[in-house]
Amino acid sequence: MSTPTPQRARSAAAKQQRERAILDAARALGADRSVREVTLTDIAAAVGMHKSAMLRYFETREQIFLALTAEGWEDWSAALRARLSEFTDVTEVADGDRGAIAAVLAQSLVARPFFCDLLAQAPLNLERNVSLESVYAFKTVVLGEVAAVAAELCRLLEITERAAVDVIATATSMAGALLQMAAPGTRLRTLYETHPELAHALVDVEPQLTRILTALLNGMPPAER
């Protein structure tokens, strides 16, 4: 049976609708497998398009997933800032005990495994296989969300903006790396779990990330006033 050929989107609204369908299909495939295993052909088949027709909307598969990474940053930032806003007073994280903030950061990332996968893939692959214009648009979104989260961390922890940005960079990069090391749902994970001598290779992402972020936050001095 041949793949159906949808009519080319003629209006701006129709084009946006088609782009959304492509992004949603890529998200579903990436969440079900892993980002690096999903091809442009896979996405085209899920949408019911020829692969060549996909190039009218996205220049490469990497641009599709980079767009999803930007959306992931927006979603994570909004949810995290809403959670951090529940800490109404810096006294809640005073006296060197910043573990509660570290736990919130870790939990918010671990709750988004697809986003964590994208965080690992973006600098290694996605950003390197798109146009510079696409990278610029992506970085503009990310830096805006980093600034918004950093402002909340500065409010709660009374640290410098530079320190807050370092916390965000550590949290997001470590979440992406630890998820890859944990290899959930893979043959590697089964190997680690069934061979006691490989127990050191088992990574439990949330508690390990919480410990790392707690140590980082507790070692940061308050900003000078």
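Visitor: Which residues does Glu 145 touch, not counting residues up to four places away in sequence?

Guide: In this predicted model, Glu 145 touches Trp 73, Glu 74, Ser 77 and Arg 81, once residues up to four places away in sequence are set aside.

Visitor: And where is Glu 145 found, and is it buried or exposed?

Guide: Glu 145 is found in helix α7, and it counts as buried because its relative accessibility is 15%, while the cut-off for buried is under 20%.

Visitor: Let me step back a bit. How many helices and strands does the protein have?

Guide: The secondary structure comes to 10 helices and 0 strands, and buried residues make up 43% of the 225 residues in the protein. Taken along the principal axes, the C-alpha atoms fill a box of roughly 65 × 50 × 30 Å.

Visitor: What share of the contacts between residues at least 6 apart in sequence join residues at least 24 apart?

Guide: That share is 72%.

Visitor: What else is Leu 23 in contact with, leaving aside its neighbours within four places in sequence?

Guide: Besides Leu 68, Leu 23 is in contact with Phe 58, Ile 64, Ala 67 and Glu 71. Leu 23 itself lies in helix α1, and it is buried, with a relative accessible area of 8%.

Visitor: Now helix packing. At what angle do α6 and α8 pack?

Guide: Helix α6, residues 113-124, and helix α8, residues 161-182, pack at an angle of about 100°, with their axes 8 Å apart. The two helices are therefore roughly perpendicular to each other, since angles from 65 to 115 degrees are counted that way.

Visitor: Which residues meet there?

Guide: From α6 there are Pro 113, Cys 116, Asp 117, Leu 119, Ala 120 and Gln 121, and they meet Thr 172, Ala 175, Gly 176, Leu 179 and Gln 180 in α8. Sorted by class, this contact has 6 nonpolar, 4 polar and 1 charged residues.

Visitor: What about pockets: what volume does the largest pocket have?

Guide: The largest pocket has a volume of about 400 Å³. Of the 17 residues that line it, the closest to its centre are Arg 33, Ser 34, Asp 117, Pro 184 and Thr 186. Helices α1, α6 and α8 each supply at least two residues of that lining, which by class has 7 nonpolar, 5 polar and 5 charged residues.

Visitor: And which helix gives the most to the lining of the second largest pocket?

Guide: Helix α8 gives the most, with 7 residues, and α4, α6, α7 and α8 each supply at least two. This second largest pocket has a volume of about 340 Å³, and it is lined by 19 residues, of which Trp 73, Leu 119, Lys 139, Val 142 and Thr 172 lie nearest its centre. By class, its lining has 13 nonpolar, 4 polar and 2 charged residues.

Visitor: One last thing: what is phi of Glu 158 near?

Guide: Phi of Glu 158 is near 55°, a positive value in a residue other than glycine. Most residues other than glycine have a negative phi.

Visitor: Where is the place of Glu 158, and how exposed is Glu 158?

Guide: Glu 158 sits in the loop between α7 and α8, where it is partly exposed, with a relative accessible area of 32%.

Key:
Residues are numbered from 1 along each chain as its sequence is written. This is a predicted model: local features need pLDDT of at least 70, side-chain atom pairs count only at pLDDT 80 or more; totals for chains, interfaces and linings use all residues. Side-chain values use heavy atoms; hydrogens and water are left out. Axes are lines fitted to C-alpha atoms, for helices over the stretch in contact, and angles run from 0 to 180 degrees between N-to-C directions. Helices (H or I, at least four residues) and strands (E, at least two) are DSSP runs, numbered from the N terminus. Angles under 35 degrees count as roughly parallel, over 145 as roughly antiparallel, 65 to 115 as roughly perpendicular and the rest as oblique. Contact means heavy atoms within 4.5 Å. Ala, Val, Leu, Ile, Met, Phe, Trp, Tyr, Cys and Pro count as nonpolar, Asp, Glu, Lys and Arg as charged, and the others, Gly among them, as polar. On a 1 Å grid over the protein atoms alone, a cavity is a set of points where a 1.4 Å probe fits but cannot get out, and a pocket is an open set with protein on both sides within 12 Å along at least five of seven lines; lining residues have an atom within 4 Å of a point. Grid points are joined across faces, edges and corners, and a volume is the space filled by probe spheres set on the points. Buried means under 20% relative accessible area, exposed over 50%, partly exposed in between (1.4 Å probe, protein chains only).
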